[in-house]
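Subject: Structure for your files

Hello,

Please find the structure below, with the sequence. My notes on it follow.

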Amino acid sequence: MLDSILLLFNLGTGEIIVIVLVILLLFGGKKIPELMKGVGKGVKSFKQGLNEVEDEIKKASDDDTKGKSASNPADK
């Protein structure tokens with residue numbers, strides 16, 4: 001997964017090191033675990049939302065398909 005993120009932003013090793021150093025300077029070593037915990041919760045919430053949307057789309061699609069079949073028996 002990290003590889004796909006790096007390819008998305010086309011970051012090299014040097015850029016990653018600079019970003020990590022800037023994060024360390026901004027937040028300090030003690031704040032980083034809290035920051036990562038927050039990021040993890042955000043990603044989890046985002047994935048959960050995507051799954052809910054996918055489920056709703058599938059349900060609507062299934063309901064639509066069932067509705068067409070029930071209203072027009074000739075489609076079978």
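What share of the 76 residues in the chain is buried? Buried residues make up 1% of them. Please keep in mind that this is a predicted model.

The chain has two helices and zero strands.

One is nonpolar and consists of Ile17, Val20, Leu21 and Leu24. Together these residues have about 340 Å² of accessible area. Val20 belongs to helix H2, which covers residues 13-71. With a relative accessible area of 43%, Val20 is partly exposed. Patch residues need over 30%, so Val20 at 43% passes that cut-off.

The other patch is negative and is made up of Glu52, Glu54, Asp55 and Glu56. Asp55 is likewise a residue of helix H2. Its relative accessible area is 49%, so Asp55 counts as partly exposed, given that exposed means over 50%.

In short, the notes cover a nonpolar patch that includes Val20 and a negative one that includes Asp55.

Regards

Key:
Residues are numbered from 1 along each chain as its sequence is written. This is a predicted model: local features need pLDDT of at least 70, side-chain atom pairs count only at pLDDT 80 or more; totals for chains, interfaces and linings use all residues. Side-chain values use heavy atoms; hydrogens and water are left out. Patches are made of residues with over 30% relative accessible area and no salt bridge: like charges are joined within 9 Å, nonpolar side chains (Val, Leu, Ile, Met, Phe, Trp, Tyr) within 5 Å. Accessible areas come from the Shrake-Rupley method with a 1.4 Å probe; for residues, only the protein chains shown count as cover. A salt bridge is a side-chain nitrogen of Lys or Arg within 4 Å of a carboxyl oxygen of Asp or Glu. Helices (H or I, at least four residues) and strands (E, at least two) are DSSP runs, numbered from the N terminus. Buried means under 20% relative accessible area, exposed over 50%, partly exposed in between (1.4 Å probe, protein chains only). Lys and Arg count as positive and Asp and Glu as negative; His and the chain ends are not counted. The place of a charge is taken as NZ of Lys, CZ of Arg, CG of Asp or CD of Glu.
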